[in-house]
Amino acid sequence: MGEERNERRIDRASRVILASARTLYRAFLDAEIMTGWRAPDGMDAQIRDFLPQVGGGYRMRLRYRGDDAARQGKTRPGEDEVEVVFAELIAEERVVEKVRFLSDNPMLGGVMTLITTFEKDRDGTKVIVCAHDVPHGIDPNDHAKGMASSLRNLARLTE
């Protein structure tokens, strides 16, 4: 993924989860539940200013823990922080979030759009996450691992 700075990047992840689309959609509408699954492995999440409606959103701080706590975060040492606006909420079908990293690093600037869709699957619900306009300061391999980890956490919480 060695794209030039002006190219748009789209990262994708998916997982079949043994839960209904209704249950999975609701996991986006409750800050306490979201805190339980959104942080990738090795991080803890804190969500505040949560308003689950179109035009509303939340602020999320992700903190590295354990040996990763000394990592350089995107916002502060050991921390990433984002502001998120819900652009679309279609019950049991799709959640669209506009995500902006709070960082002085120009490689993390801009707005990334996360589109999560829920598709019926014979074994449950296929959850598909597409991240559009991923900032070039986010390592593609780290992002892929993080998205897969969050989906795994969502499955653990809802199955």
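The model is predicted, with a mean pLDDT of 90 over the chain. There are twelve salt bridges and five aromatic pairs.

**Confidence**

- The chain averages a pLDDT of 90, and 90% of its residues score at least 70.
- Residues 1-6 have a pLDDT below 50, and this stretch makes nine contacts in the model beyond near neighbours in sequence.
- Where pLDDT is low, the predicted coordinates should not be read in detail.

**Salt bridges**

- Seven of the charged residues need to be read together: R48, D49, R59, R61, E81, E83 and R100 are linked in a network of salt bridges.
- R48 pairs with D49, and their closest N and O atoms are 3.7 Å apart.
- R48 counts as partly exposed because its relative accessibility is 33%, whereas D49, at 58%, counts as exposed.
- R61 forms a salt bridge with E81, with 3.8 Å between the closest N and O atoms. This pair links distant parts of the chain, 20 residues apart, with R61 in strand 3 (residues 57-64) and E81 in strand 4 (residues 79-90).
- Both R61 and E81 are buried.
- R100 forms a salt bridge with E83, where the closest N and O atoms are 2.5 Å apart. R100 lies in strand 5 (residues 94-101) and E83 in strand 4, so the pair ties together parts 17 residues apart in sequence.
- R100 is partly exposed at 37% relative accessibility, and E83 is partly exposed with a relative accessible area of 28%.

**G57 in strand 3**

- G57 lies in strand 3 and is buried, with a relative accessible area of 8%.
- The C-alpha atoms of G57 and V85 are separated by 4.2 Å, although these residues are 28 apart along the chain.
- Leaving out residues up to four places away in sequence, G57 touches D49, F50, L51, V84, V85 and F86.

**Helix 3**

- Helix 3 (residues 140-158) has 19 residues, which at 1.5 Å a residue should span 27 Å; its end C-alpha atoms are 27 Å apart, so the two values agree.
- At the N-terminal end, D139 caps helix 3 through a side-chain oxygen that lies 2.9 Å from the backbone nitrogen of N141.
- The buried residues of helix 3 are H143, G146, M147, S149, S150, L151, N153, L154, A155 and T158.
- The cover over these buried residues includes strand 1 (10-17), helix 1 (21-26), helix 2 (31-37), strand 6 (112-121) and strand 7 (124-132).

**Aromatic pairs**

- The structure holds five aromatic pairs. One of them is F28 with F118: the ring centres are 5.9 Å apart and the planes lie at 75°, so the pair is edge-to-face.
- F28 lies in the loop between helix 1 and helix 2 and F118 in strand 6, so this pair ties together parts that are 90 residues apart in sequence.
- F28 and F118 are both buried.
- The rings of F50 and F86 have centres 6.1 Å apart and planes at 90°, so this pair is also edge-to-face. F50 is in the loop between strand 2 (43-48) and strand 3 and F86 is in strand 4, so the pair joins parts 36 residues apart in sequence.
- F86 counts as buried because its relative accessibility is 1%.
- F28, W37 and F118 form one aromatic cluster.

Conventions. Residues are numbered from 1 along each chain as its sequence is written. This is a predicted model: local features need pLDDT of at least 70, side-chain atom pairs count only at pLDDT 80 or more; totals for chains, interfaces and linings use all residues. Side-chain values use heavy atoms; hydrogens and water are left out. A salt bridge is a side-chain nitrogen of Lys or Arg within 4 Å of a carboxyl oxygen of Asp or Glu. Buried means under 20% relative accessible area, exposed over 50%, partly exposed in between (1.4 Å probe, protein chains only). Helices (H or I, at least four residues) and strands (E, at least two) are DSSP runs, numbered from the N terminus. pLDDT is the predictor's confidence in each residue, from 0 to 100. Contact means heavy atoms within 4.5 Å. The expected span of a helix is 1.5 Å times one less than its number of residues. A polar contact is a pair of N or O atoms within 3.5 Å; within protein, one must be able to donate a hydrogen and the other to accept it, and residues adjacent in sequence count only if both atoms are side-chain atoms. Rings of Phe, Tyr and Trp (its six-membered ring) pair if their centres lie within 6.5 Å; planes under 30 degrees apart count as stacked, over 60 as edge-to-face and the rest as tilted.
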